[in-house]
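Colleague: I have a model to learn from, and I want to know what stands behind each label. Could you walk me through it?

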Amino acid sequence: MKKLFLTAIATALLLCSSLLAKDYTLDKTHTDVSFKIKHLQISNVRGNFKDYDAVIDFDPQSKEFKRLEATIKVASVDTDNKTRDNHLQQDDFFKAKKFPDMTFVMKKYEKSGDDRGKMTGVLTIAGVSKEIVLDTEIGGVIKLDSMKEKIGFSLKGLIKRSEFNFAPSTKTITLGDEIWLDIEVEANEK
């Protein structure tokens with residue numbers, strides 16, 4: 001009987017935790033989806049994406065993500081060089097005509113501190129899907145008098161282009177295998 005009672009309490013607490021989660025929409029004027037990759041093994045090329053969206057379900061009390069799904073339009077890549085950006089759309093890189101979107105779907109979130117955690121999810125680039133882990137840092141939660149509640153957080157991680165079969169004919173001496181992801185998000189409660 002005691003075991004049944006404890007199971008019922010645990011289930012009720014889990015349901016209550018899910019009820020505290022809130023949906024948020026991106027504040028795109030304060031969000032940045034960036035990356036960097038080595039060029040010729042001597043310098044980093046940086047870039048970002050200008051067109052993206054996300055579904056965010058976050059519990060501000062426990063500071064835990066319940067859901068995060070993002071879509072990024074690959075045609076919006078910006079490396080501050082139009083010729084390079086156009087080349088990135090071709091079949092030897094993003095294959096943008098066939099795969100116009102990159103996606104990330106969170107599978108789980110594990111807290112590793114009050115404001116930090118690990119987000120595991122599936123990233124899909126040019127039709128290839130792989131599980132990745134992103135380090136998270138919660139910047140904070142705020143509600144000002146005349147505004148809806150806002151959250152801020154960072155996602156950082158490292159992926160290998162070889163694991164996504166991305167630009168396979170480009171040698172790593174020309175373009176590094178490691179791609180660093182650096183995402184800053186501000187979002188508003190719906």
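Modeller: Glu186 has a relative accessible area of 23%, so Glu186 is partly exposed. Keep in mind that this is a predicted model.

Colleague: What makes Glu186 partly exposed?

Modeller: Buried means under 20%, and exposed means over 50%. Glu186 stands at 23%. That value lies in between, so the label is partly exposed.

Colleague: Why does Lys150 count as buried?

Modeller: Lys150 has 12% relative accessibility. The cut-off for buried is under 20%, so Lys150 counts as buried.

Colleague: How do you know that Glu186 and Lys150 meet in a salt bridge?

Modeller: The limit is 4 Å between a side-chain nitrogen of Lys or Arg and a carboxyl oxygen of Asp or Glu. For Glu186 and Lys150 the N to O value is 3.2 Å. That is within the limit, so the pair is called a salt bridge.

Colleague: What does that pair tie together?

Modeller: Glu186 lies in strand β11 and Lys150 in strand β10 (residues 150-160). The pair therefore ties together parts that are 36 residues apart in sequence. Elsewhere, salt bridges with shared partners join Lys22, Glu149 and Glu189 into one network.

Colleague: How many salt bridges does the structure hold?

Modeller: The structure holds 15. One of them joins Lys107 and Glu131, with the closest N and O atoms 2.7 Å apart. Lys107 lies in strand β7 (residues 101-111) and Glu131 in strand β9, so this pair ties together parts that are 24 residues apart in sequence.

Colleague: Are Lys107 and Glu131 buried or exposed?

Modeller: Both are exposed. That label asks for over 50% relative accessible area.

Colleague: What makes Asp135 and Lys118 a salt bridge?

Modeller: Their side chains meet at 2.4 Å, N to O. The limit is 4 Å, so the label holds. Asp135 sits in strand β9 and Lys118 in strand β8 (residues 116-125), 17 residues apart. Asp135 is partly exposed at 38%. Lys118 is partly exposed too, at 36%.

Colleague: Which strands form a hairpin?

Modeller: β7 and β8 do, with 4 residues between them.

Colleague: How do you know that β7 and β8 pair?

Modeller: Pairing needs at least two bridges. β7 and β8 have 8, in the antiparallel sense. Lys73 stands opposite Asp101 in β7.

Colleague: How many helices and strands are there in the protein chain?

Modeller: There are 2 helices and 11 strands. Along the sequence, the pattern reads α-β-β-β-β-β-β-α-β-β-β-β-β.

Colleague: What makes a set of residues a nonpolar core?

Modeller: The members must be buried residues of listed nonpolar kinds, joined through side-chain atoms within 4.5 Å. The largest such core here has 45 residues. Ile56, Phe65, Leu68, Phe104, Ile125 and Phe153 have the most contacts inside it. Strand β11 (residues 175-189) gives the most to this core, with 6 residues.

Colleague: Which residues does Ile56 touch?

Modeller: Leaving out residues up to four places away in sequence, the list includes Phe65, Leu68, Phe153, Val185 and Ala187. Lys22 and Asp23 are also among them.

Colleague: Why can Ile142 belong to a surface patch?

Modeller: A patch residue needs over 30% relative accessible area. Ile142 has 44%, so it passes that cut-off. Ile142, Leu144 and Met147 form a nonpolar patch, with about 250 Å² of accessible area together. Ile142 itself lies in strand β9 (residues 128-142).

Colleague: Is Ala167 buried or exposed?

Modeller: Ala167 is at 0% relative accessibility, so Ala167 counts as buried. Ala167 is found in the loop between β10 and β11. Its phi is positive, about 50°, although Ala167 is not a glycine. Lys63 also has a positive phi, about 55°, and is not a glycine. Lys63 lies in the loop between β4 (52-59) and β5 (64-73).

Colleague: How much of the protein chain counts as buried?

Modeller: Of its 190 residues, 38% do. The chain exposes about 11,500 Å², and carbon and sulfur atoms supply 55% of that area.

Note on methods. Residues are numbered from 1 along each chain as its sequence is written. This is a predicted model: local features need pLDDT of at least 70, side-chain atom pairs count only at pLDDT 80 or more; totals for chains, interfaces and linings use all residues. Side-chain values use heavy atoms; hydrogens and water are left out. Patches are made of residues with over 30% relative accessible area and no salt bridge: like charges are joined within 9 Å, nonpolar side chains (Val, Leu, Ile, Met, Phe, Trp, Tyr) within 5 Å. Accessible areas come from the Shrake-Rupley method with a 1.4 Å probe; for residues, only the protein chains shown count as cover. Buried means under 20% relative accessible area, exposed over 50%, partly exposed in between (1.4 Å probe, protein chains only). Contact means heavy atoms within 4.5 Å.
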